[in-house]
Amino acid sequence: MAELRTELLVEYVDEQTPEQAPPFAGVEQGARRRRRQRNLLAVAAVVAVATVATITTQDIQRGAEPSAPISTPTLGVLDDGPPPAQFKFGTTLMLLQKEIPVTAVRPVPGAPSVLAVEAPRSGQSGEGCYPHTMVRILDQDATTVRIAAYRYVVAPDEPGSGECLKSQTGSVKVELDLRTAIGNRRILAGSTGQRVVLN
């Protein structure tokens, strides 16, 4: 019985084994190719995991850090949208205090898209030290432009009073570039209401 099993096993091995084995060089190249593919897959997996970890870490850091204050507003540059809650003037942090009324608006001669906007001063000493007034374009279309003026104050924990200019009197004047010609558009002042300051 044992001889029958042995014969069957030999017969099976003979059927499964080719008469001539492949050359060793071909077997070696195949093994190297498979090893290379495994290594490339491992490197690709490590790079993918590292990329996902980096992106996740950056997103978490962005969410945890408060947004940095914007830099000093530049006069004559389009100021679209709501006012920033704070901005840096040099190293001094300025905080939004409130919206203030716009007292007058005039087109600037020779500049069809620029408005000269006036707003009252606060009357506080040292107001000339920093840009306390900012004018923003809240909305504009083919028929109307809505603007608003805002007062800023120096953050309470800021040291010193900065380099002050001579105390100024009269209204604060700010030039605002709408980027497109004013034309026949109505200029509305304030974040709400329909008060027309230029028609």
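**Exercise 1.** Determine how strand β1 is joined to β2, and how many bridges join them.

*Solution.* Strands are DSSP runs of E with at least two residues, numbered from the N terminus. Two strands pair if DSSP finds at least two bridges between them. Strand β1 (residues 86-89) and β2 run antiparallel and are joined by 4 bridges. Within this pairing, Q86 stands opposite L95 in β2. The hairpin has 2 residues between the strands, and G90 takes a positive phi near 65 degrees there.

The model is predicted: local features need pLDDT of at least 70, side-chain atom pairs count only at pLDDT 80 or more, and totals for chains, interfaces and linings use all residues. Residues are numbered from 1 along each chain as its sequence is written, and side-chain values use heavy atoms, with hydrogens and water left out.

**Exercise 2.** Decide whether T92 is buried or exposed, and locate T92 in the fold.

*Solution.* Buried means under 20% relative accessible area, exposed over 50%, and partly exposed in between (1.4 Å probe, protein chains only). T92 has 10% relative accessibility and therefore counts as buried. T92 belongs to strand β2 (residues 92-100). Its C-alpha atom is separated by 6.6 Å from that of E158, 66 residues apart along the chain.

**Exercise 3.** Identify where R179 is found, and state whether R179 is buried or exposed.

*Solution.* R179 is found in the loop between β7 (172-177) and β8 (186-189). With a relative accessible area of 62%, R179 is exposed. Phi of R179 is near 75 degrees, a positive value in a residue other than glycine.
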